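Please take a look at the structure below. A short briefing follows, grouped by topic.

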Amino acid sequence: MNLKSTLLAAGIALLMVTPACAADKMNDLEIAHTAYTAGALDIRYAHLALALSDNDSVREFAETMVRDHGAVNDAALALLASLKASPQDNPLSQALVKGAAEKRTELSGLRGKALNCAYATNELGYHQLVNKTVEKDFIPNVTVPELKSLLKDALATFKVHQGHAEHMVMGLKCG
Amino acid sequence: MIGGALWGAAILPGLVTLPAHATRSPVTHRVVMEQFAFSPTVLHIRAGDSVEWLNRDLVPHTATHSDQRWQTEPLNRGEQVTITFETPGTETYGCRFHTAMQAQIIVDGP
Ligand SMILES: [Cu+2]
């Protein structure tokens, strides 16, 4: 199991070390930035998997990540534009970006089953982490109703992805 | 948007026996894709009727027959598409992208 990837370490460490301030003190624009960033990073993972993997279930999953996270992020951009608001970079977004860059480097060096399993396991862990954060921190704390509503729709989507990732991991028999 | 004849059938079971040669105009039924499910999950229609799928989710969905005999284009949020079913039978379908989404159309004789 590679759940303790650098990405998760970075994300979880930040959330655990500063449980009260990581999310509680994030404002709406920071929450929007992190939610958008999480989606954009998953799209980058997916493009990497599409470039390197021949496995049908991995490719199908990755295509769905590109399509779905693209749609969610497009909706987020449209909402922010209508609110005349700009997302605001913050430490949690930065930790996610840094962790994902390291994870991409690791994935880039893998091929075949090792790559498929590393990608699939990371997708499962990544969606678990993001979903927990969106559900427990972002949705309760965000104040603009339209953004709350978008986050709820996004969470419903990401939970479906998490279930899909569980199936993918099982199907790949990564052990 | 469910056909009046079907509502009548559901509500007044005693009155469903239409004359054998009653002419019945084709009806368009709506299936909504929402919260990663098709609603209704099982839809009864008559041969010649149409089904209109409307996607209310953020992400694209399709309606794709289990053996790929027919399918819709990917529907973005707010988009809809209509397919007419001429042949009686059971049409099992799902979303090509989200395979947990499954549903059935049962096409009865005209
Ligand atoms: Cu779908």
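A:Glu106 and A:Lys103 are three residues apart in helix H5 (residues 91-108) of chain A, so about one helical turn separates them. The two form a salt bridge, with the closest N and O atoms 3.2 Å apart. This is a predicted model.

**Salt bridges**

- How many salt bridges are there over all chains? The count comes to seven.
- A:Glu106 is partly exposed, because its relative accessible area is 30%. A:Lys103 counts as buried, because its relative accessibility is 0%.
- In chain B, the side chains of B:Asp49 and B:Arg24 meet in a salt bridge, 3.0 Å from N to O. The pair links distant parts of the chain, 25 residues apart.
- B:Asp49 sits in the loop between strand S3 (42-46) and strand S4 (50-55) of chain B. B:Arg24 sits in the loop between helix H1 (4-11) and strand S1 (28-34) of chain B.
- Is B:Asp49 buried or exposed? B:Asp49 is at 0% relative accessibility, so the residue counts as buried. B:Arg24 is at 25%, so that residue counts as partly exposed.
- Another salt bridge joins the side chains of B:Glu52 and B:Arg30, at 2.9 Å from N to O. B:Glu52 lies in strand S4 of chain B and B:Arg30 in strand S1 of chain B, so the bridge ties together parts 22 residues apart in sequence.
- B:Glu52 has a relative accessible area of 12%, so the residue is buried. B:Arg30 is at 25% relative accessibility and therefore counts as partly exposed.

**Chain A overall**

- Chain A has seven helices and zero strands. From the N terminus on, its elements run α-α-α-α-α-α-α.
- Chain A has 175 residues, and 50% of them count as buried.
- Take the contacts in chain A with a separation of 6 or more: 83% of them are between residues 24 or more positions apart.
- The accessible surface of chain A is about 8,100 Å². Carbon and sulfur atoms account for 60% of that surface.

**A helix pair in chain A**

- Helix H4 (residues 56-82) and helix H6 (residues 112-141) of chain A have axes that come within 11 Å. The axes cross at roughly 35 degrees. The crossing of H4(A) and H6(A) is left-handed.
- Which residues of H4(A) meet H6(A)? They are A:Val58, A:Phe61, A:Ala62, A:Met65 and A:His69. From H6(A) come A:Asn116, A:Tyr119, A:Glu123 and A:His127.
- By class, this contact of H4(A) with H6(A) has five nonpolar, three polar and one charged residues.

**Two residues of chain A that touch chain B**

- A:Thr64 lies in helix H4 of chain A. At 2% relative accessibility, A:Thr64 counts as buried.
- What does A:Thr64 contact, leaving aside its neighbours within four places in sequence? Its partners in chain A are A:His69 and A:His161. From chain B come B:Phe97 and B:His98.
- A:Ala156 lies in helix H7 (residues 145-172) of chain A. With a relative accessible area of 22%, A:Ala156 is partly exposed.
- A:Ala156 touches B:Gln35 and B:Phe36, not counting residues up to four places away in sequence.
- How far is A:Ala156 from A:Val144? The two are 12 residues apart along the chain, and their C-alpha atoms are separated by 19 Å.

**Chain B overall**

- Chain B has one helix and eight strands. Read along the sequence, the pattern is α-β-β-β-β-β-β-β-β.
- Chain B has 110 residues, and buried residues make up 40% of them.
- Among the contacts in chain B with a separation of 6 or more, residues 24 or more positions apart account for 51%.
- Chain B exposes about 6,100 Å². Carbon and sulfur atoms supply 54% of that area.

Key: Residues numbered from 1 in each chain as written. Chains lettered and ligands numbered in written order. Predicted model: local features only at pLDDT ≥ 70, side-chain atom pairs only at ≥ 80, totals over all residues. Heavy atoms only, no water. Helix = DSSP H or I, 4+ residues; strand = E, 2+ residues; numbered from the N terminus. Buried < 20%, exposed > 50% of the residue type's maximum accessible area, 1.4 Å probe, protein only. Contact = heavy atoms within 4.5 Å. Areas by Shrake-Rupley, 256 points an atom, 1.4 Å probe, with all protein chains shown as cover. Axes fitted to C-alpha atoms, helices over the stretch in contact; angles between N-to-C directions. Left-handed = near helix turned anticlockwise from the far one by under 90°. Nonpolar A, V, L, I, M, F, W, Y, C, P; charged D, E, K, R; others polar. Salt bridge = Lys/Arg side-chain N within 4 Å of Asp/Glu carboxyl O.
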